[in-house]
Amino acid sequence: MKLPRRKFLHLAAGTAALPLASRFAWAQAYPSRPVRVIVGFTPGSAPDIVARLMSQWLSERLGQQFVIDNRPGGGGNIGTEAVVRAPPDGYTLLLVGGWNAINATFYDKLSFNFIRDIAPVAGIIRERIVMVVHPSFPAKTVPEFIAYAKANPGKVTMASPGNGSSPHVSGELFKMMAGIDMINVPYRGGGQVMTDLIAGQVQVSFIGLSVAIEHIKSGKLRALAVTAATRSDVLPDIPTVGDFVPGYEASAFFGVGAPRNTPAEIIDKLNKEINAGLSDPELRRGLAKGGGAVLAGSSADFGKFIGDET
């Protein structure tokens, strides 16, 4: 049967539009079941705190549970690899952080390429890191700490929530710029760091402010400095490391990623809802405990941010 050219083109256009319409309907229905958010660190860590705050918001907004799945180990690489290997259907997401940018060069061999294999969804927040010591530690200021460490080389233990984590590298940067020696003691997350630091098992940590803030306020830990370029609104009396070590600056960041090839419509929907959350006063108050600035923007903005950090 011969079809008039105009009718043929009309039918062909309609056929081509079907997958697009189907994808749009799929995105509109998303999520139709619970979503896993994989966090590469233990409960109570800064990444875990941020992930739970955002997941609660998304659960309430989208009518399905966004469930935290903690996969600690390998400086966040175990959790990242689990998402890289997950189906790209929007039902497995990754809490992205500074460790993903760091690990691209920190580890010689990884089974994935983060920038290639994880699609950026949205930024959440850039968090401040705080330098804290046990109250019994003799140094009460950063200059006193540096002097003590130089007088006791190799005897100061620095707890970190895993090799390659933002706090770990922040401590290593301080060690290098201050010309001191500290022994890194890696843990599987910030909660474990806090337990041993409060117990006096280790002496110092560079840790996310959201993890340490309540312990600082209660007097269980002593804050010596924040690592950002400016003081924190939640600890206005605490100086910056850069006040004593010129040029020093460090921070952590958090956001959401998904397996590559996740439908763009789903990524766009998640990006829209996450950005809506970053405008919500209650969620912003929860995130502000980390003393940082929100990373609102498009998925492309977050992708560029990750590339620059890497």
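1. In this predicted model, one aromatic cluster is formed by Phe137, Phe145, Tyr148, Phe174, Phe206 and Tyr248. A search of the whole structure finds 12 aromatic pairs. Among these is the pair of phenylalanine 41 and tryptophan 99, whose ring centres are 4.7 Å apart and whose planes stand at 70 degrees, so the pair is edge-to-face. Phenylalanine 41 belongs to the loop between β1 (35-39) and α2, while tryptophan 99 belongs to helix α4 (residues 98-106), so the pair ties together parts that lie 58 residues apart in sequence. Phenylalanine 41 counts as buried, with a relative accessibility of 4%, and tryptophan 99 counts as buried with a relative accessibility of 4%.

2. Tryptophan 99 also takes part in a helix contact, in which Gly98, Trp99, Ile102 and Phe106 of α4 meet Ser166, His168 and Val169 of α7. The residues of this contact of α4 with α7 divide into four nonpolar, three polar and no charged. As for the geometry, α4 and helix α7 (residues 166-178) pack at an angle of about 60 degrees, and their axes are 9 Å apart.

3. How do α2 and α10 lie relative to each other, roughly parallel or roughly perpendicular? The angle between α2 and helix α10 (residues 264-278) is about 115 degrees, with the axes 10 Å apart, and the two helices are therefore roughly perpendicular to each other. The crossing in which α2 passes α10 is right-handed. On the α2 side the contact is made by Met54, Trp57, Leu58, Arg61 and Leu62, and on the α10 side by Lys269, Leu270, Glu273, Ile274, Ala276, Gly277 and Leu278. By class, this contact of α2 with α10 has eight nonpolar, one polar and three charged residues.

4. A further helix pair consists of α8 (residues 190-198) and α9 (residues 209-218), whose axes come within 10 Å and cross at roughly 25 degrees. That angle makes α8 roughly parallel to α9, because angles under 35 degrees are counted in that way. The crossing of α8 and α9 is right-handed. Gly190, Met194 and Ile198 of α8 make the contact with Val211, Ala212 and His215 of α9, and the residues of this contact divide into four nonpolar, two polar and no charged.

5. Two backbone details deserve a separate look. Most residues other than glycine have a negative phi, and most peptide bonds are trans. The peptide bond from tyrosine 30 to proline 31, however, is cis, with omega near -5 degrees, and proline 31 is placed in the loop between α1 (5-29) and β1. Asparagine 261 is not a glycine, yet has a positive phi of about 75 degrees. This asparagine 261 sits in the loop between β10 (252-259) and α10, and at 64% relative accessibility asparagine 261 counts as exposed.

6. Is asparagine 77 buried or exposed? Its relative accessibility is 10%, so asparagine 77 counts as buried. Once residues up to four places away in sequence are left out of the count, asparagine 77 touches Asn103, Tyr107, Leu110 and Phe112.

7. Glutamine 65 is placed in the loop between α2 (46-62) and β2 (66-70). Which residues does glutamine 65 contact, leaving aside its neighbours within four places in sequence? The contacts of glutamine 65 are with Pro34, Val35 and Ser59. Glutamine 65 and arginine 33 are 32 residues apart in sequence, while the C-alpha to C-alpha distance between them is 7.6 Å.

8. Finally, some values for the chain as a whole. The chain has 12 helices and 11 strands, and its C-alpha atoms fill a box of roughly 95 × 40 × 30 Å, taken along the principal axes. Of the 310 residues in the chain, 52% are buried. Among the contacts in the chain with a separation of 6 or more, 78% are accounted for by residues 24 or more positions apart.

Notes
Residues numbered from 1 in each chain as written. Predicted model: local features only at pLDDT ≥ 70, side-chain atom pairs only at ≥ 80, totals over all residues. Heavy atoms only, no water. Helix = DSSP H or I, 4+ residues; strand = E, 2+ residues; numbered from the N terminus. Contact = heavy atoms within 4.5 Å. Axes fitted to C-alpha atoms, helices over the stretch in contact; angles between N-to-C directions. Parallel < 35°, antiparallel > 145°, perpendicular 65-115°, else oblique. Left-handed = near helix turned anticlockwise from the far one by under 90°. Nonpolar A, V, L, I, M, F, W, Y, C, P; charged D, E, K, R; others polar. Phe/Tyr/Trp six-rings, centres within 6.5 Å; stacked < 30°, edge-to-face > 60°. Buried < 20%, exposed > 50% of the residue type's maximum accessible area, 1.4 Å probe, protein only.
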